[in-house]
Amino acid sequence: MTLSDFKKSLANNQPPTGLSIQLQSLWFDGKGDWEQAHDLVNDLMDEDAAYVHAYLHRKEGDQWNASYWYRNAGKAKPSVSLEEEWEQLVKHFL
């Protein structure tokens, strides 16, 4: 699957089968369902989930919480737009 394919799948009612939990979360975020996206990664403690979790809190505007999750993910807080970060995350996990 490519980034373009992933974006096209946002027209569907459900995410494509076989996506990782991180990509499922990003899919729901891409659909505008921040709550569902957050619920998928909220209780996971691995670095990959923390990376998505950080992005979601950055998008929410909770910079302190975002910084906490970026540290847990071992990543620096990006200086790109939220749209660019979302695309980077999707490409990272595809």
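This is a predicted model: local features need pLDDT of at least 70, side-chain atom pairs count only at pLDDT 80 or more; totals for chains, interfaces and linings use all residues.
Residues are numbered from 1 along each chain as its sequence is written, and side-chain values use heavy atoms, with hydrogens and water left out. Local features need pLDDT of at least 70, side-chain atom pairs count only at pLDDT 80 or more, and totals for chains, interfaces and linings use all residues.

**Exercise 1. Helices H4 and H6**

Task: Work out how H4 and H6 are oriented to each other, and list the residues of their contact.

Solution: 
- Start with the elements. Helices are DSSP runs of H or I with at least four residues, numbered from the N terminus. H4 covers residues 47-60 and H6 covers residues 82-93.
- Take the geometry. Axes are lines fitted to C-alpha atoms over the stretch in contact, and angles run from 0 to 180 degrees between N-to-C directions. The angle for H4 and H6 is about 165°, with the axes 11 Å apart.
- Classify the angle. Under 35 degrees counts as roughly parallel, over 145 as roughly antiparallel, 65 to 115 as roughly perpendicular and the rest as oblique. H4 and H6 are therefore roughly antiparallel.
- A crossing is left-handed if the near helix is turned anticlockwise from the far one by less than a right angle, and right-handed if clockwise. H4 passes H6 in a left-handed crossing.
- List the contact, meaning heavy atoms within 4.5 Å. H4 supplies Asp48, Tyr51, Val52, Tyr55, Arg58 and Lys59; H6 supplies Leu82, Glu85, Trp86, Leu89, His92 and Phe93.
- Sort by type. Ala, Val, Leu, Ile, Met, Phe, Trp, Tyr, Cys and Pro count as nonpolar, Asp, Glu, Lys and Arg as charged, and the others, Gly among them, as polar. The H4 and H6 contact has seven nonpolar, one polar and four charged residues.

**Exercise 2. Helices H2 and H3 against H4**

Task: Assign the orientation of H2 to H4, then that of H3 to H4.

Solution: 
- Begin with H2 and H4. Their axes come within 9 Å and cross at roughly 15°. H2 and H4 are therefore roughly parallel. The crossing of H2 and H4 is left-handed.
- Name the residues. Gln22, Ser25, Leu26 and Asp29 of H2 meet Asp48, Ala49, Val52, Tyr55, Leu56 and Lys59 of H4. The H2 and H4 contact divides into five nonpolar, two polar and three charged residues.
- Turn to H3 and H4. Their axes come within 9 Å and cross at roughly 150°. H3 is therefore roughly antiparallel to H4. The crossing of H3 and H4 is left-handed.
- Name the residues again. Trp34, Ala37, His38 and Val41 of H3 meet Ala49, Val52, His53, Leu56, His57, Lys59 and Glu60 of H4. The H3 and H4 contact holds six nonpolar, three polar and two charged residues.

**Exercise 3. Aromatic pairs**

Task: Count the aromatic pairs and classify Phe6 with Trp86 and Trp27 with Phe28.

Solution: 
- Rings of Phe, Tyr and Trp (its six-membered ring) pair if their centres lie within 6.5 Å; planes under 30 degrees apart are stacked, over 60 edge-to-face and the rest tilted.
- Count. The structure holds five aromatic pairs.
- Classify Phe6 and Trp86. This pair is tilted, at 5.8 Å centre to centre and 50° between the planes. Phe6 sits in H1 and Trp86 in H6, 80 residues apart.
- Check burial. Phe6 is buried at 0%, and Trp86 is buried at 8%.
- Classify Trp27 and Phe28. This pair is edge-to-face, at 5.0 Å centre to centre and 90° between the planes. Trp27 is buried at 0%, and Phe28 is buried at 15%.
- Finish with the cluster. Ring pairs link Trp64, Tyr68 and Trp69.

Definitions and conventions
Helices (H or I, at least four residues) and strands (E, at least two) are DSSP runs, numbered from the N terminus. Buried means under 20% relative accessible area, exposed over 50%, partly exposed in between (1.4 Å probe, protein chains only).
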